[in-house]
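Here is a short briefing to read with the model open beside you. It covers the ligand surroundings and then a pair of helices.

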Amino acid sequence: MGRTLYDKIFDEHVIHTEEDGTSILYIDRHLVHEVTSPQAFEGLRLAGRKLWRINSVVATADHNTPTTGWERGYDGIEDPISKEQITTLNTNIAEFGAAAFFPFMDKGQGIVHVMGPEQGATLPGMTVVCGDSHTSTHGAFGALAHGIGTSEVEHVMATQTLLAKKAKNMLVQVNGKVAPGVTAKDIVLAIIGKIGTAGGTGYTIEFAGQAIRDLSMEGRMTVCNMAIEGGARAGLVAVDDKTIQYVKGRPLAPTGAEWEAAVAYWKTLHSDADAQFDHVVELNAADIVPQVTWGTSPEMVLGVDATVPDPDKEKDPNKRGAIERALTYMALEPGKPLNDIFVDKVFIGSCTNSRIEDMREAAAVVKKLGQKVAKNIKLAMVVPGSGLVKEQAEREGLDVIFKAAGFEWREPGCSMCLAMNADRLEPGERCASTSNRNFEGRQGAGGRTHLVSPAMAAAAAIHGHFVDIRKFA
Ligand SMILES: CC(C)[C@H](C(=O)O)[C@@H](O)C(=O)O
Ligand code: SF4
């Protein structure tokens, strides 16, 4: 019987399987950031262990790094705990080693899920882990990638293996083409709106269909990034020419004869035509409208042309209660058009949407609208995902477009995606955000998050409220 892409990569990495199905998987790539690695390194130190394979580790600092004040160096990190995590990572990598390390303020520093692919640290067919839930991003390369906990981080460091139970196979097929102005972010939000945040629980999701094939590698990363928000630990996209072209020439990618051999293998990384999936979900791309979340979970999402839902129309009491709670937190009235929601802040960034294509899409909207950020917007910020994205964007003059319109152009990092650094919402503030989580307090205590695409966020900054980007596309 044919195998799915997930079956193929899993089988290739199994070292041993117990009778109950628990397997030991070999791990090819271990991405490391400052938040989930300190205890793991400390554990190794206490046990007198080394890294099993130094060359598998690629590290950077991202969650705690400030996005302003770099001229002050480490003194610019106001919060002492943030500073300690960042300097501890430096000490740990100096002691234990790594294939590559991009410390705070290095040109290559970036959000781990932006840095990994851009350095060629993520390659098709690999098993990729990181102590971070959005490791699913790397599945865009046809790599089996998922987040792990801190104790597992130590386990992988010490043994190069991970205990894993095989997940079931889900296929999410997005048929046909999306309308102009509808992006990867809208596709994945629409998928989560359909399957729910628990829809992918217990599955690895392969994203397929013309709308997925049509996406750039950046777009595929956006989709896989949010697989975890749909409940799946890992998302996957089959390898094609776009994948191979993206990887070619990256610093950690193979070269010469190794490259040729790798490409030959990578071309086998797709589900067989007769592969069986445990569950199949289909969406029609033409039906997907630019998406805006209205609640406190990524599944609380609708097209921008919709209105805030009415809890009284929900029959299921649990769901009704959840809608009521979300609307109270979000300070929204049922029936309000999403287009009429005004925001206080705009955040374009995060591992979902801070790659060069995202910067280009947002800048194109700003340029097209030809106006400044609206008066009601207290802060509109663009935070490139890495130093290299920032440099590329500046080469293309995108920073000039943003700054001229009144956006702040920041240094790379996780920034306002989560309140772990100086960038955050104040209580009650409402934000159009290109990140992936709209949980209560995610961007700061009492902050209200609406998840959107970079183009939608840019348009919201200029108009002061959400607008249907298809009008300008
Ligand atoms: C800090 C880290 C462990 C966390 C994660 O695992 O996802 C963060 O990146 C997030 O997005 O909430
Ligand atoms: S950008 Fe946000 S989602 Fe991504 S790793 Fe950082 S905190 Fe997590």
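**Ligand shells and a helix pair**

Around ligand 2 sit D62, H63, I111, D132, H134, S350, C351, C414, C417, L418, S435 and N436, where a residue belongs if its C-beta atom, placed from the backbone, lies within 6 Å. This is a predicted model, in which local features need pLDDT of at least 70, side-chain atom pairs count only at pLDDT 80 or more, and totals for chains, interfaces and linings use all residues. Residues are numbered from 1 along each chain as its sequence is written, while chains are lettered from A and ligands numbered from 1 in the order in which they are written.

**Ligands**

- The shell around ligand 2 has 5 nonpolar, 5 polar and 2 charged residues (Ala, Val, Leu, Ile, Met, Phe, Trp, Tyr, Cys and Pro count as nonpolar, Asp, Glu, Lys and Arg as charged, and the others, Gly among them, as polar).
- Ligand 2 lies between domain 1 (1–288) and domain 2 (291–471) because both give residues to its shell; the domain bounds come from an automatic or database domain assignment.
- Ligand 1 is surrounded by V35, T36, H63, D132, S133, H134, G147 and L418.
- The shell of ligand 1 divides into 2 nonpolar, 5 polar and 1 charged.

**Helix pair**

- Helix α12 (residues 356–369) and helix α14 (residues 398–405) have axes that come within 9 Å and cross at roughly 45 degrees; helices are DSSP runs (H or I, at least four residues), numbered from the N terminus, and axes are lines fitted to C-alpha atoms over the stretch in contact, with angles from 0 to 180 degrees between N-to-C directions.

Conventions. Helices (H or I, at least four residues) and strands (E, at least two) are DSSP runs, numbered from the N terminus.
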